Amino acid sequence: PQPVEVVEEEGEVREVREVEGTASRRVAAVGEIWRVDDEWWRAPIARRYVEVLLEGGKHVMLFQDLAAHTWFMQDI
């Protein structure tokens, strides 16, 4: 996964921007959204996953590390 910046409006993902670059893409559609909380007894994992279709047709998975407040993107 690569780090990205995500623009949210009223709690919904609207735009994805590359951290190391100038590329920015609007979100055309949002699919499934879910949250994972695991490993609470060791090194806790708390993530929010958002499946999106970007303008231009690229299908990606975004996830937010809720502890660090950082976003990542990976191709599906």
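Colleague: In what order do the 6 strands close into a barrel?

Modeller: In this predicted model, local features need pLDDT of at least 70, side-chain atom pairs count only at pLDDT 80 or more, and totals for chains, interfaces and linings use all residues. Residues are numbered from 1 along each chain as its sequence is written, and side-chain values use heavy atoms, without hydrogens and water. A strand is a DSSP run of E with at least two residues, numbered from the N terminus, and two strands pair if DSSP finds at least two bridges between them. The pairing in the barrel is antiparallel, and the order is S1-S2-S3-S4-S5-S6.

Colleague: Which residue in S2 is the bridge partner of Glu5?

Modeller: Strand S1 covers residues 2-9 and strand S2 residues 12-18, paired antiparallel over 6 bridges. Glu8 has Val13 in S2 as its bridge partner. For Glu5, the partner in S2 is Arg17.

Colleague: Which residue in the turn of the S1 and S2 hairpin has a positive phi?

Modeller: The hairpin leaves 2 residues between S1 and S2. The positive phi is about 55°, and the residue is Glu10.

Colleague: How many residues lie between S2 and S3 in their hairpin?

Modeller: S3 spans residues 24-38 and runs antiparallel to S2, joined by 3 bridges. The number of residues between the two strands is 5.

Methods:
Helix = DSSP H or I, 4+ residues; strand = E, 2+ residues; numbered from the N terminus.
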